[in-house]
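This report covers the nonpolar core and the salt bridges of one model, with the cut-offs behind each term.

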Amino acid sequence: MKRVYICIGIFLSMIAVSILSLNILKKSNSQLFDLIDEISALYQSDSDMTEQKVRELEDFWEKYYLRISFVAQSSTLNDISYAMAKLPSLLEDDSDEFMSELLSIRHWAYLVYISQFPY
């Protein structure tokens, strides 16, 4: 009978950790999406604050990557890091690719969330 209780305890612990990690991922993605939307709006209005917000996004990404890399061991995180590294130079060059990189970062972050969601 003790084995059954131990198995139930392990199973409930796994469920709790899964739910907690999904909540962390969802909250982090929400913050990331908010920053990306804000940068997009600033970029389209030719604001001087865009560069500062891109730096904030890079700082946020470092924290996001550390948190999420424990949950999602994915090459998509590396793709996002690569796109994130290109943002400052694309902004400085006033490249048309800046917005597409922002959208691709958003899409990849969404894919990370979807890949971790249990079906």
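Is Glu38 buried, partly exposed or exposed? Glu38 has a relative accessible area of 35% and is partly exposed, where buried means under 20% relative accessible area, exposed means over 50%, and partly exposed lies in between, with a 1.4 Å probe and protein chains only. The model is predicted, so local features need pLDDT of at least 70 and side-chain atom pairs count only at pLDDT 80 or more, while totals for chains, interfaces and linings use all residues. Residues are numbered from 1 along each chain as its sequence is written, and side-chain values use heavy atoms, with hydrogens and water left out.

Glu38 forms a salt bridge with Lys53, their closest N and O atoms being 3.1 Å apart; the term requires a side-chain nitrogen of Lys or Arg within 4 Å of a carboxyl oxygen of Asp or Glu. This pair links distant parts of the chain, with Glu38 in helix H1 and Lys53 in helix H2, 15 residues apart. Helices are DSSP runs (H or I, at least four residues), numbered from the N terminus. In contrast to the partly exposed Glu38, Lys53 is buried, with a relative accessible area of 13%.

Glu56 counts as partly exposed at 33% relative accessibility, and Glu38, Lys53 and Glu56 are linked in a network of salt bridges.

The structure holds five salt bridges, among them the one in which the side chains of Arg55 and Glu51 meet (3.3 Å, N to O). Arg55 and Glu51 are both in helix H2, four residues apart, about one turn of the helix. Arg55 is partly exposed at 45% relative accessibility, as is Glu51 with a relative accessible area of 47%.

## The largest nonpolar core

The largest nonpolar core has 29 residues, of which Leu57, Tyr64, Leu87, Phe98 and Leu102 touch the most other members. Such a core is a set of buried Ala, Val, Leu, Ile, Met, Phe, Trp, Tyr and Cys residues joined through side-chain atoms within 4.5 Å. Two or more residues come from each of helix H1 (2-44), helix H2 (50-68), helix H3 (75-92) and helix H4 (97-116), and H1 gives the most, with eight residues.

Leaving aside residues up to four places away in sequence, Phe98 touches Ile39, Tyr43, Thr50, Val54, Leu87, Leu90 and Leu91, where contact means heavy atoms within 4.5 Å.
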